[in-house]
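Let's take a friendly walk through a few charged pairs and loop residues. Have the structure open as you read.

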Amino acid sequence: MTLDKYDYALLELLQKNCQIPLRELSEAVHLSTASVQRRIQKLKDNGYIQANIAILDPNKLNQVITILVEVQADKTHMVDLQLLKDSFSGPEIQQCYYVTGEADFMLVLLVPNMQRFQEICDKLFHSNPNVKWFRTIVVLDRVKATLDVL
């Protein structure tokens, strides 16, 4: 599928608010509602739109501490890395990236308190024989947090 200017315009609008009515989308991109509906379905079918989600306020849900964790693996064979990737995909991890540089992984966690973070450290890092070291950074302020692509 090749994207055109209408597809890009729709994607840009939908990543800001996936609940915009078709009528408003069609007015914004100057296409009929039927055309917009077909295009959105094609974008979903071809994997450009992966999910329609709600972005929750972590503070209102008592997930008040954001922590970045760098992790270096002891063994970097494919099987060992896949096991780490699997262990870093649990519900306590908001985001996980396999990265270049001194660390092998960068994790983003949201926790209600430091006690919960200590429990996660014990489970994911201290008791994992393939974690060579990990370093934590506590976020003081969420200056910008988005998953926007366009």
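Is Asn62 buried, partly exposed or exposed? In this predicted model, Asn62 counts as partly exposed because its relative accessibility is 47%, and the cut-offs for that class are 20% and 50%. Asn62 sits in the loop between helix 3 and strand 1. Its phi is near 60°, which is a positive value in a residue other than glycine.

**Loop residues**

Asp57 belongs to the loop between helix 3 (33-45) and strand 1 (65-73). With 35% relative accessibility, Asp57 is partly exposed. Its side chain reaches the backbone nitrogen of Asn59 at 2.9 Å. Between Asp57 and Arg23 there are 28 Å in space, C-alpha to C-alpha, and 34 residues in sequence.

His30 is found in the loop between helix 2 (22-29) and helix 3. Here, too, is a positive phi in a residue other than glycine, with His30 near 65°. His30 counts as exposed because its relative accessibility is 68%, and the exposed class begins over 50%.

**Salt bridges**

Side chains of opposite charge can pair when their charged atoms come close. A search of the whole structure finds 9 salt bridges, including these:

| Pair | N to O distance |
|---|---|
| Glu27 and Arg23 | 3.9 Å |
| Arg135 and Glu70 | 2.6 Å |
| Arg135 and Glu102 | 3.8 Å |

Where do Glu27 and Arg23 lie? Both are in helix 2, 4 residues apart, which is about one turn of the helix. Arg23 is partly exposed, at 48% relative accessibility.

Arg135 takes part in a salt bridge with Glu70. This pair links distant parts of the chain, with Arg135 in strand 4 (residues 131-138) and Glu70 in strand 1, 65 residues apart. Is Glu70 buried or exposed? Glu70 is buried because its relative accessible area is 18%, and buried means under 20%. Arg135 itself is partly exposed, with a relative accessible area of 37%.

Arg135 also forms a salt bridge with Glu102. That pair again links distant parts of the chain, 33 residues apart: Glu102 is in the loop between strand 2 (93-98) and strand 3 (105-111), while Arg135 is in strand 4. Glu102 counts as exposed, at 55% relative accessibility.

Glu92, Arg116, Glu119 and Lys123 are joined in a network of salt bridges.

Technical notes:
Residues are numbered from 1 along each chain as its sequence is written. This is a predicted model: local features need pLDDT of at least 70, side-chain atom pairs count only at pLDDT 80 or more; totals for chains, interfaces and linings use all residues. Side-chain values use heavy atoms; hydrogens and water are left out. Helices (H or I, at least four residues) and strands (E, at least two) are DSSP runs, numbered from the N terminus. Buried means under 20% relative accessible area, exposed over 50%, partly exposed in between (1.4 Å probe, protein chains only). A polar contact is a pair of N or O atoms within 3.5 Å; within protein, one must be able to donate a hydrogen and the other to accept it, and residues adjacent in sequence count only if both atoms are side-chain atoms. A salt bridge is a side-chain nitrogen of Lys or Arg within 4 Å of a carboxyl oxygen of Asp or Glu.
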